[in-house]
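Visitor: Could you walk me through how the helices pack here?
Guide: Gladly; here it is.

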Amino acid sequence: MWVFYGLPIVHPDSLLIITINGVGLVIEGVFVTIFFIFSNNKKRKRICFYLLIEIIFMAAVVLITLLVFQTTQKRSMFVGILAIVFNIGMYTSPLTVMRMVIKTKSVKYMPFTLSIFNFLNGVVWVIYALLKFDINVLIPNGLGTLSGLVQLILYAWFYRTTKWDEDDKAPAQQVQLSEI
């Protein structure tokens, strides 16, 4: 959605948005391809189903955007609102884990690196949005920054009460090349 938002026919002067999200789309495509190659047939069918839904949805968004909205301002608003919704979904997806952290008083299942990079990603995009005065980038990333900050606060608060299992501290089993 952000790649489409960054196109000049939707939102002019968004070179940074289209390049960063374009690279991210390529990386995600490589990841899905690798996952597809090493998946069983049941998972491959599921991947194809979800990709088909995503392609149909994006085709509908593109057609509606280009046929219904005649100015880049209206196109930016329409695609921007859709991008905001999906971006907020991405940033708030760790809320279920945060609830579990509060219930169990343990950060065992909330990765610190994901929390810190969630926060840093939000901060960087908020700075960009403030410099470019782009409300469609500011809203979801401002909320993402707050979400990341709450995750980091929870991590700091419950880190000491986390009971790390002995299994997690045991050294990983060495696999001999002949066993592979």
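Visitor: Is the crossing of α3 and α4 left-handed or right-handed?
Guide: This is a predicted model, in which local features need pLDDT of at least 70 and side-chain atom pairs count only at pLDDT 80 or more, while totals for chains, interfaces and linings use all residues. Residues are numbered from 1 along each chain as its sequence is written, and side-chain values use heavy atoms, leaving out hydrogens and water. A crossing is left-handed if the near helix is turned anticlockwise from the far one by less than a right angle, and right-handed if clockwise. By that rule, the crossing of α3 with α4 is right-handed.

Visitor: How are α3 and α4 oriented to each other, parallel or antiparallel?
Guide: Helices here are DSSP runs (H or I, at least four residues) numbered from the N terminus, and axes are lines fitted to C-alpha atoms over the stretch in contact, with angles from 0 to 180 degrees between N-to-C directions. Helix α3 (residues 41-68) and helix α4 (residues 72-92) pack at about 155°, their axes 9 Å apart. Angles under 35 degrees count as roughly parallel, over 145 as roughly antiparallel, 65 to 115 as roughly perpendicular and the rest as oblique. The two helices are therefore roughly antiparallel.

Visitor: Which residues of α4 meet α3?
Guide: Contact means heavy atoms within 4.5 Å. From α3 come Phe57, Val61, Ile64, Thr65 and Leu66, and they meet, in α4, Arg75, Phe78, Val79, Leu82 and Phe86.

Visitor: How do α6 and α7 run, parallel or antiparallel?
Guide: The axes of α6 (residues 112-132) and α7 come within 7 Å and cross at roughly 150°. That angle makes α6, relative to α7, roughly antiparallel.

Visitor: And what is the handedness where α6 passes α7?
Guide: The contact there includes Phe119 and Trp125 of α6 and Leu149 and Tyr155 of α7. The crossing itself is left-handed.

Visitor: How do α5 and α7 lie, parallel or antiparallel?
Guide: Helix α5 (residues 95-104) and helix α7 (residues 135-158) have axes that come within 11 Å and cross at roughly 25°. That makes α5, relative to α7, roughly parallel.

Visitor: Which residues of α5 make the contact with α7?
Guide: This crossing is left-handed. On the α7 side are Ser147, Val150, Gln151, Leu154 and Phe158, and on the α5 side Met98, Val101 and Ile102.
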